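Student: Could we go through this model together, starting with how its helices pack?

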Amino acid sequence: MRLLLNEPHVRNKEQQLLEFRRRATDILISENILPGTVGNTEPLGWPWLFEIYHCLWNHGILPNGITADDVRVMEMNLLRRWNIIYRDNTFRSMTMNHLHRQLSTAWHQAMNEGNAGNGGTDDPITEIQVYSAHDSTVFGILCDLEARYSIDLSPKGYIPPYASSICLSLYQEATAADGGNGRSNSSSSSSQWSIR
């Protein structure tokens, strides 16, 4: 990640915005929101600036000297960095492959076990898996799904909002072989599995 963010074009953009970050950090200090000394504290990074100011903006209490447009600048620069990181194939595969393997394993187990994994009853296996994540992880997952399946998912130009969720469903398409109900009456089902 450091190598990606240390590219000359990235460093140049960060240098151009350093005074903006300093000013935004100093305002938080002067408002007693952040400890430190005005003019003598390392500027906060984009994730922290956006998080703090976005909360203040949502509650209608932006301090003097910061506008909604400034909060948007913070969001755009955080997105710029996330796009550099999560759209890089190597970094994305290192960070997202673990979650992808977990989901794939669970889905393949459900597809392969079918009714046999449910004690032979007619009811299909029902399972839910819930993962909790931060906005950056949600963004990373969307980028990973886009790359793997060549689809456009991520909201361009915006951080995933608070309480965002991604719901993936595994479903079995009904075929004539299973009586049109998606449930196999034999061990050799011809039903097709899909992800939505």
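This is a predicted model: local features need pLDDT of at least 70, side-chain atom pairs count only at pLDDT 80 or more; totals for chains, interfaces and linings use all residues.

Student: At what angle do α3 and α5 pack?

Tutor: Helix α3 (residues 18-30) and helix α5 (residues 68-86) pack at about 125°, and their axes lie 12 Å apart. α3 is therefore oblique to α5, oblique being what remains after roughly parallel (under 35 degrees), roughly perpendicular (65 to 115) and roughly antiparallel (over 145).

Student: Which residues of α3 and α5 meet there?

Tutor: From α3, F20, R23 and A24 meet D70, V73 and M74 of α5, where contact means heavy atoms within 4.5 Å. By class, this contact has four nonpolar, two charged and no polar residues.

Student: Turning to cysteines, how many disulfides are there?

Tutor: The count is zero disulfides, with a disulfide taken as a pair of cysteine sulfur atoms within 2.5 Å.

Student: Is C143 buried or exposed?

Tutor: C143 is buried, at 2% relative accessible area, whereas C55 is partly exposed at 30%. Buried means under 20%, exposed over 50% and partly exposed in between, using a 1.4 Å probe and protein chains only.

Student: And what is the phi of N32?

Tutor: Phi of N32 is near 60°, a positive value in a residue other than glycine. Most residues other than glycine have a negative phi. N32 lies in the loop between α3 and α4 (46-58) and is exposed, at 71% relative accessibility.

Terms used:
Residues are numbered from 1 along each chain as its sequence is written. Side-chain values use heavy atoms; hydrogens and water are left out. Axes are lines fitted to C-alpha atoms, for helices over the stretch in contact, and angles run from 0 to 180 degrees between N-to-C directions. Helices (H or I, at least four residues) and strands (E, at least two) are DSSP runs, numbered from the N terminus. Ala, Val, Leu, Ile, Met, Phe, Trp, Tyr, Cys and Pro count as nonpolar, Asp, Glu, Lys and Arg as charged, and the others, Gly among them, as polar.
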